[in-house]
Amino acid sequence: MYINLMRNTSPDATSATLLSEVTGTVLGHRDGHGFLSADDRSISDVFLSSQEMRAVLHRDRVRVRVVRLDKRGRPEGRILEILERRPTPIIGRLLNESGVWLVAPEDKRFGQDVLIPKNATGTAQAGQVVAVELTEPPSMYSQPVGRVVEVLGEIDDPGMEIEIAVRKYEVPHRFSPQTLAEAAALPERIRAADGAHRVDLTDVALVTIDGEDARDFDDAVYCEPARVGRGKGWRLLVAIADVSHYVKPGEALDADAFQRATSVYFPRRVIPMLPEKISNGLCSLNPDEQRLSMVCDMLVDAAGEVRAYQFYPAVIRSHARLTYTEVATVLANTRGPEAARRAELLPHLLHLHEVYRALLKQRSVRGAIDFETTETQIVCDDSGRIEAIVPRTRTEAHRLIEEAMLAANVCAADFIQRAEHPSLYRVHEGPTPEKRLTLQNYLRALGLGLSISDDPKPADFQALALATRDRPDAAQIHSMLLRSMQQAIYTPVNGGHFGLAYPAYTHFTSPIRRYPDLLVHRVIKAILQGRRYAFQAPPPPDVAKPKGARAAPVDAGQWEQAGVHCSGNERRADEASRDVEAWLKCRFMRDRLGEEFGGTVSSVTGFGLFVVLDGLYVDGLVHITELGGEYFRFDEVRQELRGERTGVRFAVGSRVRVQVSRVDLDARRIDFRLVKDALAEPLPKAGRGKAARAADAGSAAADLSELQTRDRQAKARTREAERQRPGASAAATRAKGAGKKPAGATRKARRSR
């Protein structure tokens, strides 16, 4: 039966107090210092100096004492005890420097090279990427010592960047033997007994709509007109693969899935959460094959409001595997050849488009935030190197599926909340007071005449985005709006979803690739069966359970731990994916050293500008020392760098021309040099007409050109006077030598090459 629908808090973080003792995990920094991430999440991170970091490594667990607070009140600690050493191998390049073997870690957060005895290199050769197991930990007076336990290969081998990333970020990438055995024992197709107590929807024209390169299909949709109340509406079905039927609590399959918590996506490769037999076989909604699913059956009115819904297990048969491009083409031209080829499905696709337009209307009523951003896709060649980076085009078909999935996720959250059953919600909270204040000051400095209140709503952000989308500095404003918001997390405490403007939201639609979705399916099934699902975090599949051991008591802490674990692994997957993409982009740009490109400033910091290149969608840093021979001041409120002498400003959205000056594969960093003849023009002032802005820009450009000419003439006269003065050459030589890098920096630069 349908459920009729006609009808937050988080603790404040506190800093550690002076002389208190804190236990947590060390997080190294590439500059040599580090931080302690406290086990008690109400305590802020504790700073660890480079001296304290000599005896520990990134990810070690330690106990520290807070010995002082800096002028901002941030705690600084001294390590009292090392509780647990990092157990996993370190990945790096094997080097031989003056007869000494060492491994330079790929993850620069380790901060120390690992010494390797001559008899501990195994079959590895200098320059190869290896995994190292520590035999002696670091101390205050000695470097760590280790032995090579695995040779990954040469740094330029195809796919090496992925092999490095999965180990660097400790992404589980091999299923346990127990998991593989359980997957192999599953049937090849659904059996007659599997359909018991399920609704037969095999005659309903459900279809899957995914990208051209998709391999697993975990959702199918269908829509038909229906009477909702006294008016017209639609019946919208979202069928999701029933992974919970095959992955049971207490099994190795479940333990492996929990350890991964999510699939990890790289260019040309995926590290799946579940074995291929499940993800691409039994639970993939392939066309014309019967599959088990969980269905969210909704009634949507003409205004786009979900008036009623019900959940039930079903047997379905996908009637077609459609792509986003194909559906977008059909919707754009219902009389075209693509529409004629899908004539039997055309009415259903049109109904889907109608309900999508209604849901989109309701999205606007809610005030959900919808920023226009450019997403890119990396196209690789057969060897795994970048061939091109192209923008992803979001079509009506993409948005159609997105709105259908959002509606199903909201119904799942409401269903669980009504049953008062513990589960995981997807929570996205509004800006913190600090971020809100920063944004308010920024908007005030721009003189927009628009701002946000002390209790902002999603509609306030959406109104700002719409009001500024035609401004030349729209990218800068939208970037600040995005950065003011917090990251979404999984938690058993429902706090709503700020960005989507939902009072309750969860993830239900992707159990093949997200463990929280699998948990939500189990909870919904338990509610439908009139029981409660008692979640317990499964141990790793290779850890044997003692005979006769009883299950630990279930409490709310188990759900809290599951939320923290899944949120952390989601961040880990994102970091690993970004690391691989950054490596590929560095390799891509290494062949373009010295070339000039136009670009747009994407971010401004106190040490320089980040610029995205036109057409290539690769970003890099223009260091502040490359901006010209004057002092630039960083305006934190306006998020811009301003030259004190010329008044030239660099802000997000500024147009510049740069030259690729350096590519560091090890640091995943690309450096640009500003082309001096293409300095950014001052940005137009807010609140003025186009003609006035054009006049301002022309006048400012002329003034800047005159200032630059006078500056060049003055520098030329100064250089001429210096040359004529006795001893000038020696002084110039000494000044040049004073700017050399220290020996350590030179060694690191040599390695990066």
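User: In this predicted model, is glutamine 639 buried or exposed?

Analyst: The model is a predicted one. Glutamine 639 has a relative accessible area of 8%. Buried means under 20%. Therefore glutamine 639 counts as buried.

User: Where is glutamine 639 placed, and what is its phi?

Analyst: Glutamine 639 sits in a loop between two strands, E28 (632–635) and E29 (640–643). It is not a glycine, yet its phi is positive. The value is about 55 degrees.

User: Is serine 98 buried or exposed?

Analyst: Serine 98 lies in the loop that runs between strand E7 (90–97) and strand E8 (100–105). Its phi is positive, about 55 degrees, although serine 98 is not a glycine. The relative accessibility is 80%. Exposed means over 50%, so serine 98 counts as exposed.

User: Which residue takes a positive phi in the hairpin of E21 and E22?

Analyst: Strand E21 (residues 376–380) and strand E22 (residues 386–391) run antiparallel, joined by five bridges. Threonine 376 faces proline 391 in E22. Between the strands of this hairpin there are five residues. The positive phi, near 90 degrees, belongs to glycine 384.

User: At what angle do helix H8 and helix H12 pack, and is that parallel or oblique?

Analyst: H8 covers residues 396–419 and H12 covers residues 515–528. Their axes are 10 Å apart, and the angle is about 50 degrees. Angles under 35 degrees count as roughly parallel, and 65 to 115 as roughly perpendicular. The angle of about 50 degrees therefore makes H8 oblique to H12.

User: Which classes of residue make up the contact of H8 with H12?

Analyst: H8 brings Ala412, Phe415, Ile416 and Ala419 to the contact. They meet Val520, Val523, Ile524, Ile527 and Leu528 in H12. By class, the contact has no polar and no charged residues, and nine that are nonpolar.

User: What is the handedness of the crossing where H8 passes H12?

Analyst: The two helices pack with their axes 10 Å apart. Where H8 passes H12, the crossing is left-handed.

Notes
Residues numbered from 1 in each chain as written. Predicted model: local features only at pLDDT ≥ 70, side-chain atom pairs only at ≥ 80, totals over all residues. Heavy atoms only, no water. Axes fitted to C-alpha atoms, helices over the stretch in contact; angles between N-to-C directions. Helix = DSSP H or I, 4+ residues; strand = E, 2+ residues; numbered from the N terminus. Parallel < 35°, antiparallel > 145°, perpendicular 65-115°, else oblique. Left-handed = near helix turned anticlockwise from the far one by under 90°. Contact = heavy atoms within 4.5 Å. Nonpolar A, V, L, I, M, F, W, Y, C, P; charged D, E, K, R; others polar. Pairing = 2+ DSSP bridges. Buried < 20%, exposed > 50% of the residue type's maximum accessible area, 1.4 Å probe, protein only.
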